[in-house]
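Here is a short briefing on one chain, grouped by topic. Keep the structure open while reading.

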Amino acid sequence: MNNRRFLLLFSIVLTLLFSGCDTNIIEDSNHAMPSRNWSYADKVKIVVDITDSSKPYNIYFKLRHTADYRYSNIFVLLNVKGGQKKRSRRYEFKLAQPDGQWNGSGSGNLYTYVFPLLTQFKFPEPGRYELELEQNMRDNPLKEISDVGIKVSQAN
């Protein structure tokens with residue numbers, strides 16, 4: 001009887017342990033900005049190897065800023081380079097409500113966001129792709145940006 005309880009408890013713990021892992025993540029990176037200043041020159045880059053171009057992928061922009069960030073939005077450029085082709089797209093993301101309340105999840109003085117850039121995106125062909133994010137605001141450097149990242153996962 002005790003062996004059954006032990007096996008049941010062990011299998012429940014094992015199931016909970018592995019259910020927290022996201023096996024669809026291809027790449028997930030964060031880059032700390034020097035002195036919390038995101039300069040035009042500080043482009044965040046990752047390289048992904050796509051073996052199956054028939055599968056859709058989701059690409060996300062990850063951001064952390066302090067409560068002292070001056071704006072209620074942010075503009076970024078996503079550049080996707082692969083083979084001989086390069087495609088660029090500009091995005092705007094709202095970070096705060098009109099009353100000044102931050103939309104991100106807060107922890108102390110930092111606010112965290114994960115924004116979708118491309119969903120259900122299919123790469124044109126198998127190969128190596130460089131994904132590059134750059135800030136596209138008027139200020140250079142853009143102050144009070146703590147971290148910027150890119151996450152790529154296989155879509156379900």
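Two strands count as paired if DSSP finds at least two bridges between them. On that basis Asp49 stands opposite Arg128 in S9. The model is predicted. The chain holds 1 helix and 11 strands. Of its 156 residues, 38% count as buried.

**Overall make-up**

- Along the sequence, the pattern reads α-β-β-β-β-β-β-β-β-β-β-β.
- Take contacts between residues at least 6 apart in sequence: 77% of them join residues at least 24 apart.
- The accessible surface of the chain is about 9,800 Å². Carbon and sulfur atoms account for 49% of that surface.

**The open sheet**

- An open sheet is formed by 5 strands, in the order S1-S11-S4-S8-S7. The pairing in this sheet is antiparallel.
- Strand S1 (25–32) and S7 stand at the edges, and each has a single partner strand, so one side of each lacks a neighbour in the sheet.
- From one strand to the next, the twist averages 20°.
- Strand S4 (residues 57–66) and strand S8 (residues 110–121) run antiparallel and are joined by 9 bridges.
- Within that pairing, Phe61 stands opposite Phe115 in S8.
- Strand S7 (residues 105–107) is joined to S8 by 3 bridges, again antiparallel. Ser107 has Leu110 in S8 as its bridge partner.
- S7 and S8 make a hairpin with 2 residues between them. In the turn, Gly108 has a positive phi of about 70°.

**Strand S3 and its partner**

- Strand S3 (residues 44–50) pairs with strand S9 (residues 127–135) in the antiparallel sense, over 7 bridges.
- Side chains alternate along S3. Val44, Ile46, Val48 and Ile50 point to one face and are buried.

**Val44 in detail**

- Val44 lies in strand S3.
- Why does Val44 count as buried? Its relative accessibility is 2%, and the cut-off for buried is under 20%.
- Leaving aside neighbours within four places in sequence, Val44 is in contact with His31, Met33, Leu131, Glu132, Leu133, Val148 and Ile150.
- One of these contacts, Ile150, is 106 residues from Val44 in sequence. The C-alpha to C-alpha separation of Val44 and Ile150 is 7.8 Å.

**Aromatic pairs**

- How many aromatic pairs does a search of the whole structure find? The search finds 12.
- Phe61 and Phe93 form a tilted pair, 5.6 Å centre to centre, with 35° between the planes.
- This pair links distant parts of the chain: Phe61 is in strand S4 and Phe93 in strand S6 (residues 85–94), 32 residues apart.
- Phe61 is buried, with a relative accessible area of 0%. Phe93 is buried too, with a relative accessible area of 8%.
- Phe61 also forms a stacked pair with Phe115: 6.1 Å centre to centre, 25° between the planes.
- Phe61 lies in S4 and Phe115 in S8, so this pair ties together parts that are 54 residues apart in sequence.
- Both Phe61 and Phe115 are buried.
- Ring pairs join Trp38, Phe61, Tyr91, Phe93, Tyr113 and Phe115 into a cluster.

**Charges over rings**

- Which ring has Arg90 over its face? The ring is that of Phe75, with Arg90 at 4.0 Å from the ring centre.
- Lys151 lies over the face of Tyr60, at 5.3 Å from the ring centre.

**Points to keep in view**

- Phe61 ties several topics together. Phe61 stands opposite Phe115 in S8, stacks with Phe115, and forms a tilted pair with Phe93.

Technical notes: Residues are numbered from 1 along each chain as its sequence is written. This is a predicted model: local features need pLDDT of at least 70, side-chain atom pairs count only at pLDDT 80 or more; totals for chains, interfaces and linings use all residues. Side-chain values use heavy atoms; hydrogens and water are left out. Helices (H or I, at least four residues) and strands (E, at least two) are DSSP runs, numbered from the N terminus. Buried means under 20% relative accessible area, exposed over 50%, partly exposed in between (1.4 Å probe, protein chains only). Contact means heavy atoms within 4.5 Å. Accessible areas come from the Shrake-Rupley method with a 1.4 Å probe; for residues, only the protein chains shown count as cover. Rings of Phe, Tyr and Trp (its six-membered ring) pair if their centres lie within 6.5 Å; planes under 30 degrees apart count as stacked, over 60 as edge-to-face and the rest as tilted. A charge sits over a ring if NZ of Lys or CZ of Arg is within 6 Å of the ring centre and within 35 degrees of the ring normal. Axes are lines fitted to C-alpha atoms, for helices over the stretch in contact, and angles run from 0 to 180 degrees between N-to-C directions.
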